[in-house]
Amino acid sequence: MKHAPGSMILGIGAFAPEKVLTNHDLEKIVDTTDAWIRERTGIERRHILEKGKTNSDQAAEAAHRALKDAGLKARELDCIIVATITPDSFFPSTACGVQAKIGATHAAAFDIAAACSGFLYGLALANSLISTGFYKHVLVIGSEVLSRFTDWEDRATCVLFGDGAGAVVVGPSDGKKGILGAYMKSDGRLGHLLSLPGGGATHPATHETIDKRMHFLKMEGREVFKHAVRTMVDAAEHILKETGVHASDVDLLINHQANVRIIDAVAERVEIAHDKIFVNLQDFGNTSAASIPLALDQCRREGRLSEGDKCLLVAFGGGFTWASCLIQF
Ligand code: UT7
């Protein structure tokens, strides 16, 4: 390790909506099969946020749990960062919605849009803000309600996504535990392969944009797959090199949960043993920015994060964006 960690995770929390949509349920909606979805993705079910609830509602729930875990009060937070591509609205930000709901009266709050890499972008930012002494306690949330932007007539995408939220409270390191390194990268030239084209300033909502289904997420799955593997291998290798940690010393790999074939391909190329890979996409589908904090929460609850463990987090998403983070627990 090159430097002592400047920040560490003080608390973790998550929220998964109660309603579950299985692959068999999807068989009744579009021309698909449980066997195809399992074989091509590894997904078996996903959670769907109930009508009337918002992104900031579920994000606030995850935030409450992370704060409780950290033993902190909301008013002790200096900053709230929400990573999301499915915000409550363009503005005010979802983070401001969370701030109001949890009563974090002293915090600055803003969203970041880096798709599935958003949570790791937020964690990297929190690490910098805390390491430089600018802030003491930063809440980083990944929260998505993708079900509201999914085209339920497009079998190529609607079987993939799910809703949920995960949160971490980040604070100053104790000198041993913490974030050993963080890495962020983008390539805007490939943005068209994974996007939500309608509703922004380029294509404001009109009857035509609605008729053309432009307000739903679009993805060139096969192309995205190739770039996802390439970029996440880059992200993993970069952070290992920068921190001087060997792949065999990684205790747990948490990849963005999009497709089990992508996760396996990344682990194989980075040479991380199969028993060190965490996979929960069978239960959640692809929850974009929420995927890594949901996984972190589950790993912790299942006892897969012991003191001293080195955990490698790697993500890829629309933009394109990709990122990694190495944490010592
Ligand atoms: O979260 C950020 C980034 N997202 C990702 O990383 C996702 C990356 N991409 C993927 O995970 C995969 O490309 C998918 C899971 C999206 C698709 O798997 P694939 O093996 O690449 O399938 P494909 O798109 O090449 O389609 C293969 C066949 C096609 O039929 P033909 O043309 O071979 O007759 C599709 O029409 O599978 C068909 N197909 C389906 N069949 C049943 C596509 N979706 C479905 C479906 N059920 N839901």
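These questions and answers concern a predicted model and the grounds for some of its structural labels.

Q: How do you know that the length of helix H5 agrees with its number of residues?
A: Helix H5 covers residues 118-131, which is 14 residues. The expected span is 1.5 Å times one less than the number of residues. That gives 20 Å, and the end C-alpha atoms of H5 are 20 Å apart, so the two agree.

Q: What makes H5 mostly covered?
A: A residue is called buried when its relative accessible area is under 20%. Eleven of the 14 residues of H5 are buried. Among them are Gly118, Phe119, Leu120, Tyr121 and Ile130.

Q: Why is Ala167 called buried?
A: The limit for buried is under 20% relative accessible area. Ala167 has 0% relative accessibility, so Ala167 counts as buried. This residue is found in strand E7, residues 163-172. Its C-alpha atom is separated by 8.3 Å from that of Ser143, which is 24 residues apart from Ala167 along the chain.

Q: Which residues come nearest to the ligand?
A: There are 24 residues around the ligand, and of these Thr32, Arg40, Arg222, Asn259 and Asn286 come nearest.

Q: How much of the ligand does the protein bury?
A: Taken alone, the ligand exposes 960 Å², and the protein buries 74% of that.

Q: Which elements give two or more residues to the shell around the ligand?
A: They are helices H2 (34-41), H6 (155-158), H8 (221-243) and H9 (260-270). H8 gives the most, with five residues.

Q: How do the residues of the shell around the ligand divide into nonpolar, polar and charged?
A: The shell has 13 nonpolar, six polar and five charged residues.

Q: How do you know that the shell around the ligand draws on domain 1 and domain 2?
A: Domain 1 (7-175) and domain 2 (180-328) each supply at least three residues of that shell.

Key
Residues numbered from 1 in each chain as written. Predicted model: local features only at pLDDT ≥ 70, side-chain atom pairs only at ≥ 80, totals over all residues. Heavy atoms only, no water. Helix = DSSP H or I, 4+ residues; strand = E, 2+ residues; numbered from the N terminus. Buried < 20%, exposed > 50% of the residue type's maximum accessible area, 1.4 Å probe, protein only. Near = heavy atom within 4 Å. Areas by Shrake-Rupley, 256 points an atom, 1.4 Å probe, with all protein chains shown as cover. Nonpolar A, V, L, I, M, F, W, Y, C, P; charged D, E, K, R; others polar. Domains from an automatic or database assignment.
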